[in-house]
Amino acid sequence: MSAEEPPGLELLYEGAAAYQRGEIAEALRIFEHAVDTTTDGVRTSALINVASMYDELGDHHGAAVRYRAALERIPVDAREKRASTLINYSQALQHLGMLDEAREVLEEARDLLAGATDLGVLRVSCLLSLSAVAAHRSQWNRVIETATESLDAALRFAPHLAGHPLMNLAGAYFETGRRELGVDFAQQALAAFTAAGDRNAVADTQQNLAQLFSRLDRLDEAEELVLASQDYYERAGLGYRAGVGWKIRGFLAECRGEVDRADEWYRRGLDCFRDSGAVLDAAAVQCRLATVAYARGLVGEGQRLLDAAFTVYAGRGLGLQCAQLDYWHAVLVQMVVDDMDSPPAELLALGRALAVPAAIAIDAVRYTLPGGSQRDQWNREVADPAVRLAFRFAYLCGDGQLLADLIETQCAGTTLDTTPGARTERPQFPLDSPVPPAGGEPGAGPLLLGAALARVAAAAGLPVAPPARLAVGPEARIALGDYIATAEQRYGQRVREDRVIAI
């Protein structure tokens with residue numbers, strides 16, 4: 001230790017080296033020893049690192065407590081250390097589903113970093129975290145804007161972080177229907193992290209790409225990736241990421257018809273998420289467990305799991321996730337109905353009550369997307385199946401007025417796609433979003449290609465206003481009026497303009 005270095009600084013270097021080797025528990029032990037044996041700034045830095053290790057190991061509550069303790073010790077004028085801690089704190093808050101709080105601390109960090117060209121790495125990290133918060137809220141236009149901004153910032157200030165925005169762009173484009181572009185970005189991120197030799201980032205990106213492949217029915221490719229990453233997470237003791245792996249493996253087993261194995265692996269994932277306090281991930285895996293329960297004929301158990309997940313999403317203002325969950329619930333009800341010769345009226349009414357407001361809300365998302373191709377793909381691949389299901393339950397219920405209203409609103413907007421062969425054989429589960437990866441050092445080839453693709457893909461589109469309300473008949477009744485009101489109340493978001501058009 002040089003004379004200029006404060007006592008105990010060598011422990012921070014030692015802990016960082018252990019972390020880089022993937023020895024997370026050993027790094028935590030070293031940092032906790034530093035907290036106990038050092039003072040002043042070194043002790044504060046050690047406390048921040050302890051919080052980061054808790055978050056890595058899946059104890060997000062413990063991480064948040066320690067970040068708050070560290071923030072109380074950091075002087076207001078210590079801009080770099082305070083901004084860095086706020087960014088890391090936001091990640092723990094996101095895991096806990098505290099999205100408003102996460103956004104608030106990130107905006108504080110962004111204000112601290114304004115104009116600080118010497119802190120470009122932190123600026124990139126802050127933008128990446130803001131992208132993640134927007135992704136949790138399914139605000140895909142904002143994700144794309146922020147991820148593109150962060151990629152530009154990474155190219156300027158921190159090329160070693162460029163894999164992050166590439167993966168964020170992958171998730172956003174995949175979720176808005178541009179799936180091949182999403183996979184392309186994800187593969188570029190994986191190539192970049194592999195070239196850098198960053199094992200943590202490689203494992204994270206393997207897992208994220210496995211999720212994309214699993215949703216494209218590329219099951220063998222997904223399994224190869226998830227097994228490689230799972231081995232790393234299990235050895236490193238990273239409980240949260242291991243839980244994500246178990247969820248993916250459960251989904252692969254479910255796709256192959258291995259229901260018992262799917263149930264077992266989903267429950268392992270649920271245990272990991274509950275242990276780490278990752279409530280949003282726990283809710284997503286409960287939706288998958290509900291699907292397995294319905295497949296086994298355990299309708300009551302499936303409904304209980306879906307209701308629990310809905311409560312989690314609604315309590316955090318995640319309206320689109322609530323709508324997607326209702327759509328999936330209606331898909332599961334349809335599965336039960338299809339196995340009955342004479343389904344009871346109350347079951348059909350439940351499907352209608354779920355499917356119609358969900359379809360209205362999901363369809364409204366396309367008006368928030370910036371480009372015409374994105375709006376078209378969202379309509380064909382996401383909204384269209386939901387609208388079709390609404391039509392089906394209206395027909396099964398013998399609800400002539402609802403059918404007429406659905407036809408009127410479809411004719412006034414986008415025509416329902418009825419091209420034979422354009423539909424997938426089974427509905428796609430809409431709630432598994434890719435998980436943002438850890439950092440790495442990308443190579444020049446994938447990075448330059450990714451930057452070019454990002455600028456082209458994010459080119460501005462023409463703004464589109466949400467649809468107006470349609471007044472039908474001599475009494476000027478609002479078509480789907482009750483269902484529109486239900487959707488806006490249930491999901492907490494506007495799905496129609498106040499403007500009324502008579503037809």
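Start by selecting Cys 322 and Cys 287: the sulfur of Cys 322 lies 9.8 Å from that of Cys 287, its closest cysteine sulfur, which is too far for a bond. A disulfide here means a pair of cysteine sulfur atoms within 2.5 Å. Cys 322 itself is buried, at a relative accessible area of 2%. For burial, the cut-offs are under 20% relative accessible area for buried, over 50% for exposed, and partly exposed in between, with a 1.4 Å probe and protein chains only. Next, click on Cys 272, which is also buried, with a relative accessible area of 19%. How many disulfides does the whole structure hold? A search finds zero.

Before moving on, some housekeeping. You are looking at a predicted model, where local features need pLDDT of at least 70 and side-chain atom pairs count only at pLDDT 80 or more, while totals for chains, interfaces and linings use all residues. Residues are numbered from 1 along each chain as its sequence is written, and side-chain values use heavy atoms, leaving out hydrogens and water.

**Colour by confidence**

Now colour by pLDDT, the predictor's confidence in each residue, from 0 to 100. The protein's mean is 84, and 87% of its residues reach 70 or more. Select residues 414-426, where the pLDDT is below 50; this stretch has 19 contacts beyond near neighbours in sequence. A contact means heavy atoms within 4.5 Å. Then take residues 430-462: pLDDT stays under 50 there too, and the model has 99 contacts for them beyond four places in sequence.

**The sheet**

Go on to the strands. Helices (H or I, at least four residues) and strands (E, at least two) are DSSP runs, numbered from the N terminus. Two strands count as paired if DSSP finds at least two bridges between them. Show β1, β2 and β3 together: the three make an open sheet with mixed pairing, in the order β2-β1-β3. At the edges sit β2 (477-478) and β3 (500-502), each pairing on one side only.

Zoom in on β1 (residues 469-472). With β3, β1 pairs in the parallel sense over three bridges; with β2, the pairing is antiparallel, over two bridges. Pick Ala 471 and look both ways: Ala 502 stands opposite in β3, and Ile 478 stands opposite in β2. For Leu 470, the bridge partner in β3 is Ile 501.

Are the faces of β1 covered or open? Both are covered: Arg 469 and Ala 471 on one side, and Leu 470 and Val 472 on the other, are all buried. In a regular strand, side chains alternate between the two faces of the sheet.

Follow the chain out of β1 and you reach a hairpin with β2, with four residues between the strands. Select Gly 473 in that turn: its phi is positive, about 75°.

**Positive phi without glycine**

Two other residues deserve a click. Asp 40 has a positive phi of about 55° although it is not a glycine. Asp 40 belongs to helix α3 (residues 40-56) and is exposed, with a relative accessible area of 59%. Ser 138, another non-glycine, has a positive phi near 60°. Ser 138 sits in the loop between α7 (120-136) and α8 (140-157), and is buried at 10% relative accessible area.

**Last stop**

Finish at Val 76, in the loop between α4 (60-73) and α5 (79-95). Val 76 counts as exposed, at 70% relative accessibility. Draw a distance from its C-alpha atom to that of Leu 112, 36 residues apart along the chain: the separation is 9.9 Å.
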